[in-house]
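User: I would like to learn how to read the meeting of two chains. Can you take me through it step by step?

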Amino acid sequence: MNAPSVDYTAVAPMLAVFVAALVAVLVEAFAPRAQRFIIQVFLATVSIATALIFVVYLATQDTSKTTAGGAVVIDGPALFLQGTILVLALMAVLTMADEASPESSAFTAQASAVPGSVDEARASRLGLVQTEIYPLILFSLVGMLLFPASNDLLTMFIALEVLSLPLYLLCGMARRRRLLSQEASLKYFLLGAFSSAFFLFGAALLYGFAGSVRLSAIAAAIADGGGTTAASAVVGKDGLLLMGIGLLAVGLLFKVGAVPFQSWTPDVYQGAPTPVTGFMAACTKVAAFGALLRIAYVAIPGVRWDWQPVIWVIAALTMLVGSIIAIVQADVKRMLAYSSIAHAGFILVGLLAMDRAGIGAVLFYLAAYGFTTIGAFALVTMVRTSTPDGGVGGEATHLSQWQGLGKRSPWLAAIFTLFLLAFAGIPLTSGFTSKFAVFSAAADQAPWGPGLVVVGVAASAIAVFFYIRVIVLMYFNDSVGDAVTVTRPGALTTLAVGVGVVATIGLGILPSAALGLANSSSVFLP
Amino acid sequence: MNQIHWLYLSVLLFSIGAVTVLVRKNAIVVFMGVELMLNAANLAFVTFSRINGNIDGQVIALFVMLVAAAEVVVGLAIIFTIFRTRRSASVDDANLLKY
């Protein structure tokens, strides 16, 4: 038996990040504590930038290929999504690394210390920094890069776990309100592990159906009419195939936060440290939708009449539930979480189109949404409560604390308004272009497309209400006194927010280049 | 012996695991339910491998064991941290995040 040959150029982006993650673990073990922070940040940013350069190089080479014994496929959508994930991750790392002092950091000094204990106080007094977050981010990033590029269900499962496990830990590392943070971590872990078990059992059933977990083999087995394997003959091919697809979908829809698997999203987004929430909201969504696209378009397009109605209902429910429940939220992070659920529904509308326009629209939507999301969560980290002695306290996430920010901090309020308008899909922002792209792709698909678009537009209209409500709060309500302070952002956060602003406006006013790139990247290698 | 019985067993184990996750309160027991589900999937992989006569399923089972072990490490770390904070591993006590 020969070892499969690996095309190292094709997997170079993943290798770059993976090697950096391993080195980062060694740095944790051997570098002196005082220098760890700067080394880790350097390592993370340089490795992500290197991986990005590899992705751009591979994209210019224009050679789609499968490698590593067919387990990994590097094609247009994979490269587009990898590039998107890397840029977003770079922005997220910048917001994480930006801390003027350990006191204003979003991360706990020592995650293992019990909240409120002597150990914790001592760690804070010594000014310790939990630099383990950077290797964890890098490992998670490796999983995210592999997830949309995996060509069989086993690789996909491994990528799913590699991206999830570090995120479970990162959620529990908030500096303040640590009980909430640890609770978010526990909820995310238990529900995430539960859903990935469903994914795995679905993969087992599809393996029984097709005799292989390779996506193209599953598609071929469906095209043959199924039932060519002995297991299909024993158990019944339709049962294996449809149950398998259903269980697989549970795992993937959980990761994207679609109804009815959305209940973890608000809790985890609220409890996790805000820069991690931004990373999770943007990058995980891109990676998970990448995998969902690949399954839908490469493995199971042959039985789409069976699964499209189910996804239709899920997309409609996701849009409506996300938009409606967001109205009653009083916490800005929870509101953004429900907004992300609604956006998952909009992206599912594009996924249902089942043609190249649909793939291109989803790719563009993911990129546009990711930039806006990371920017918005970076802004949330700046609005803080003031301590009685005039210092900087925890984040002021309650909406009442955002009243009157327009007068006290015009820049922050203006940029947050821009991001909210983009989420709402107002013209001249990236949100409008991306919503238009997914809706127009779906509207062409008679008979079911127009109905779903009507639901989507109605959900958008509902969503506009709660986005505008925040804008009204910031500009037309009086501020609540000195209880809230807006910290001056460091250079790194400013850079990340700046990229978000430029992308949000740029993709709204001049979307043709990015839309063209997304459309030209929209061919899956079978 | 008819190999389909192994599939019935794996579905049964998977269901027991899922019910455990849904009804039990202790986070450790919930987590054991998840592990049972993963191993039920392993049994299904191995059975299908035997029925279909190719070896892929057995290789996959090995990978899954490895992933499950990694998951145990992370999961126990999280549950243990929560337990030290709250002196309780009940999932019903972790109820601060709502609305």
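**Where two chains meet**

Analyst: Start with contacts, meaning heavy atoms within 4.5 Å. Here 47 residues of chain B are in contact with 48 residues of chain A. This is a predicted model: local features need pLDDT of at least 70, side-chain atom pairs count only at pLDDT 80 or more, and totals for chains, interfaces and linings use all residues. Residues are numbered from 1 along each chain as its sequence is written, chains are lettered from A and ligands numbered from 1 in the order in which they are written, and side-chain values use heavy atoms, with hydrogens and water left out.

User: What area is buried between chain B and chain A?

Analyst: The size of an interface is often given as the accessible area lost when the parts come together. Buried area is that loss, with a 1.4 Å probe, summed over both parts. Between chain B and chain A, about 4,000 Å² is buried, and carbon and sulfur atoms give 79% of that. On the side of chain B, Phe48(B), Ile78(B) and Leu97(B) lose the most area to chain A, together 18% of what that side buries.

User: Which residues form a salt bridge with a closest N and O distance of 3.2 Å?

Analyst: A salt bridge puts a side-chain nitrogen of Lys or Arg within 4 Å of a carboxyl oxygen of Asp or Glu. Glu183(A) and Arg86(B) form one, with their closest N and O atoms 3.2 Å apart.

User: Which elements of chain B give two or more residues to the side that touches chain A?

Analyst: Helices are DSSP runs (H or I, at least four residues), numbered from the N terminus. The elements are helix 1 (4-23), helix 2 (27-52) and helix 3 (56-86) of chain B. Helix 3 of chain B gives the largest share, 17 residues.

User: How far apart are the end C-alpha atoms of helix 3 of chain B?

Analyst: The expected span of a helix is 1.5 Å times one less than its number of residues. Helix 3 of chain B has 31 residues, so it should span 45 Å; its end C-alpha atoms are 44 Å apart, which agrees. Just after helix 3 of chain B, Arg87(B) takes a positive phi of about 60°.

User: Where does UniProt place the "transmembrane region" in chain B?

Analyst: UniProt positions use the numbering here, feature names are shortened, and annotations may be inferred rather than shown by experiment. The unreviewed UniProt entry places this feature at residues 6-23, 28-48 and 60-83 of chain B. In the model, residues 28-48 of chain B are 100% helix and 0% strand, with end C-alpha atoms 30 Å apart.

Notes
Buried area = accessible area lost by both parts, 1.4 Å probe.
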